[in-house]
Amino acid sequence: MLSDLFRSDTFRHGVHPPERKSYTDSIKIRRMPFPDQIVLPMRQHAGRPAIPLVKPGERVERADKVGEADGFISVPIHTSAAGTVRDVTLWPHPDGSMAESVVIEVDRWSPQVPRPRIVAQWEGLEPDQVVKEVQKAGVVGLGGAAFPTHVKLLPPKDMPVHTLIVNGAECEPYLTTDHRTMVEFPERVQFGIRIMMKALGVEKAIIGVEKNKPDAIERLRDTLPDDLDVTVLPLTVKYPQGAEKMLIEVVTGSEVPSGKLPMNVGVVVQNVGSIACIAEIFDTGQPLIERVVTVTGPGIRRPSNLLIPVGTKLRDVLEFCDGLTDDASQIIFGGPMMGAATPDLDTPLIKGTTGVVVLTEAQARPPTVYPCIHCGRCLESCPVFLNPSLLGSLAQAGRYEEMEDSHLMDCMLCGSCSYVCPSHIPLSQMFALGKNMLRRVKSKESAA
Amino acid sequence: MSGPGRSSGTTRGEETLLRIAASPHVHSPHSTPRIMWTVNATLVPLVAAAVYWFGPSALLVIGASTAGAVVTERVFGQPGAVKDGSAIITGVLLGLILPAGFPMWMAFVGGAFGIGFGKLIFGGLGQNVFNPALLGRAFLQAAFPIAITTWPARQASWWALRGDNFALPLMSPNTVDLVTAATPLGAWKFEGTGTEVLDLLIGRTGGSLGETSGLLILVLGIFLAVKKYLDWRIPTSILLTVAVFSGLLFLIDGSRFPSPLFMLFAGGLMLGAVYMATDMVTSPVTPRGAWIYGIGIGLLVVLIRVWGGLPEGVMYAILLMNAMVPFINRATQPRVFGHERKREEATA
């Protein structure tokens with residue numbers, strides 16, 4: 001193919017924010033002790049929220065199911081610690097809203113022993129049984145979007161999948177969650193790939209890793225299986241290299257058509273953390289109740305990579321990392337490019353939380369906004385080739401329908417345009433609003 | 001409740017002081033004022049060159065046009081808008097495209113007109129259609145056609161004024177005693193004489209204050225392009241178009257048409273291509289649009305210079321293409337990721 005001539009190890013456009021990964025990229029993952037209380041939102045995944053199964057006062061053991069999946073695009077929620085249900089109530093959610101959550105007082109005297117297997121042994125399972133087990137364990141994408149993993153394992157019959165792409169790009173600044181997982185548990189990643197390849201029935205898997213993680217690339221290459229076609233592809237360090245569409249373009253050379261799924265071009269993308277998680281659930285038989293997070297930034301006293309029980313509150317995590325510095329000013333769930341700032345220390349860390357970044361006052365002070373000078377930097381940064389300058393002026397005028405004509409719905413809110421804008425216009429914020437407005441108009445139209 | 005607590009810095013007394021904002025939470029170090037002030041800094045050597053060739057008159061004219069621009073921005077613009085540095089760029093650039101002997105009051109009026117009618121009535125920074133400095137000069141050319149085409153000859157003393165800089169407001173300058181000299185383009189057009197290319201490169205010629213040393217402007221332009229404070233496509237496409245178009249004419253009839261090197265370095269082409277056409281506000285935002293815009297300017301410059309009634313056409317070429325920018329932008333929207341190209345859609 002002609003496009004193969006122009007194959008490179010990166011995509012067009014994008015930005016280069018300072019990486020700042022050295023706070024934690026060589027620090028071993030530590031297990032965090034159980035906190036006194038955990039909070040389990042029923043909405044920790046894309047799709048329909050889970051339905052609570054427990055009532056206040058009820059006793060739960062570790063890994064018990066406390067929320068049932070509501071339909072196919074949904075997953076169950078399990079408790080990460082034994083204790084007593086204190087409440088089922090609205091609680092601050094990492095995305096800034098309030099969500100129905102199960103609050104559990106952790107039993108301090110419980111040995112917190114693992115339960116008998118709830119996930120079947122992998123050997124001998126048929127692909128559709130694997131999918132069932134993955135949903136039963138509540139596995140979601142651990143890269144941030146938290147899309148239920150089992151849905152991706154069931155491609156429609158008319159869309160044959162030929163390649164599994166493992167996303168180890170981790171292009172967000174500061175975060176080292178996937179990096180440490182690849183360095184410390186490469187065998188687990190390889191085992192997860194084996195399970196996924198079998199479930200999908202694909203012959204080929206490619207692990208994409210940005211070149212700023214040479215130790216991860218080396219460890220993965222050392223542990224590659226002999227009997228499967230798995231390769232490691234080093235990628236140029238550029239944001240948003242880990243965006244699904246960008247990664248697919250680099251690996252396969254083809255663009256996912258607008259509004260379509262990766263399966264349309266014959267691939268499935270899984271975050272490397274989710275892959276390791278799948279290996280773990282089949283290995284231990286336990287559901288997804290703990291995950292690795294990076295707690296980092298100049299505003300935290302002891303930057304760390306932690307293995308935390310899902311539902312641990314921000315307050316406890318910060319305390320375990322020796323607290324905040326005096327000039328700490330902003331706490332972000334996720335990376336600084338796409339993460340959400342939270343004002344509430346009681347917000348729990350959930351399945352989709354990749355990290356907690358604490359910025360200082362000097363970093364978080366809002367920049368002065370100037371008028372658009374049409375410099376065109378946003379056009380040259382947008383990885384999907386939109387015209388953010390035009391979209392921004394339409395957004396300011398509230399002309400949302402015209403924004404749709406200018407392909408607003410193709411925007412993935414990566415924040416590259418806002419990052420480069422010399423006038424510091426909050427473009428991606430305006431686009432998020434515009435997308436919501438359009439969705440609302442659409443749902444009203446379909447209701448009418 | 002236990003927690004990071006008071007010592008952690010998240011709480012001051014009872015009040016929690018965490019900031020919230022929409023993502024992204026990090027920003028590139030470039031800012032609009034930083035771009036503007038960097039451009040201003042690169043104008044300093046150009047002003048210095050103007051003073052070197054034209055003496056104290058250069059400072060008087062540039063100072064007056066800058067004062068006109070800044071005062072107008074300060075009085076009629078948004079509060080604090082002067083601090084972004086863009087009005088100073090307009091004022092200095094306008095001064096650089098005026099003759100050395102130009103009366104200060106006229107330069108002041110030109111700066112005021114450029115900012116007032118070229119920028120503020122459109123809504124201020126970022127909103128204007130035309131380059132304010134060029135609009136100011138177009139106004140001056142219409143209002144004071146004699147004064148703006150009076151090109152003083154070199155004086156024996158560097159200190160001597162190059163004309164009636166201190167003409168009283170509303171008075172025409174006294175040009176009776178002034179020894180004038182033609183600009184290279186005027187000499188070529190009306191007298192049929194050429195100019196040494198070396199003189200054009202270093203600026204040892206008559207002409208406007210800042211349009212003399214082509215080499216210096218080119219070096220500053222490369223600096224700004226490397227810093228990405230101007231779109232390299234615009235000067236590149238303008239200069240290439242002028243070189244190719246005038247080169248073709250020169251090949252056809254070398255006695256009638258000037259050489260491409262003369263066309264590139266004479267008059268205001270360098271200053272226009274590097275500093276005027278690249279004004280971000282009034283040039284296309286799309287990369288493809290930048291090429292079209294630059295080619296259009298290059299073609300118009302040669303057309304006006306060779307076949308027009310005026311010896312110089314850079315100002316009108318840029319202003320005309322400024323007017324085309326909205327159309328160019330619309331016609332050159334980038335193909336969005338995952339969408340077919342329009343042409344393929346049509347054939348599919």
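**Chain and domain contacts in a predicted model**

Colleague: How many residues of domain 1 of chain B are in contact with domain 2 of chain B?

Modeller: In this predicted model, chain B is divided into domain 1 (32-177) and domain 2 (182-331). Their C-alpha centres lie 20 Å apart. On the side of domain 2 of chain B, 30 residues take part, and the number from domain 1 of chain B is 30.

Colleague: Which element gives the largest share of the side of domain 1 of chain B that touches domain 2 of chain B?

Modeller: The elements that give two or more residues to this side include α2 (56-76), α3 (86-96) and α5 (132-143) of chain B. By class, the side has 23 nonpolar, six polar and one charged residues. The largest share, 10 residues, comes from α1(B).

Colleague: Which element of chain A gives the most to the side that touches chain B?

Modeller: The contact joins 57 residues of chain A to 39 residues of chain B. The chain A side has 33 nonpolar, 17 polar and seven charged residues. Elements giving two or more residues include α9 (314-320), β16 (340-342), α14 (416-420) and α15 (427-447) of chain A. The most, five residues, comes from β15(A).

Colleague: Why is chain A as compact as a globular protein of its length?

Modeller: Chain A has 15 helices and 17 strands. For its 448 residues the globule rule gives 22 Å, and chain A counts as compact because its radius of gyration is close to that, at 22 Å.

Colleague: What percentage of the residues of chain A count as buried?

Modeller: The C-alpha trace of chain A spans about 65 × 55 × 50 Å along its principal axes. A residue is buried if 20 or more other C-beta atoms lie within 10 Å of its own. Of the 448 residues of chain A, the share that counts as buried is 58%.

Terms used:
Residues are numbered from 1 along each chain as its sequence is written. Chains are lettered from A and ligands numbered from 1 in the order in which they are written. This is a predicted model: local features need pLDDT of at least 70, side-chain atom pairs count only at pLDDT 80 or more; totals for chains, interfaces and linings use all residues. Two residues are in contact if their C-beta atoms, placed from the backbone, lie within 7 Å. Helices (H or I, at least four residues) and strands (E, at least two) are DSSP runs, numbered from the N terminus. Ala, Val, Leu, Ile, Met, Phe, Trp, Tyr, Cys and Pro count as nonpolar, Asp, Glu, Lys and Arg as charged, and the others, Gly among them, as polar. The radius of gyration is taken over C-alpha atoms; the globule rule is 2.2 Å times the number of residues to the power 0.38. A residue is buried if 20 or more other C-beta atoms lie within 10 Å of its own, exposed if 12 or fewer, and partly exposed in between; C-beta atoms are placed from the backbone. Domain bounds come from an automatic or database domain assignment.
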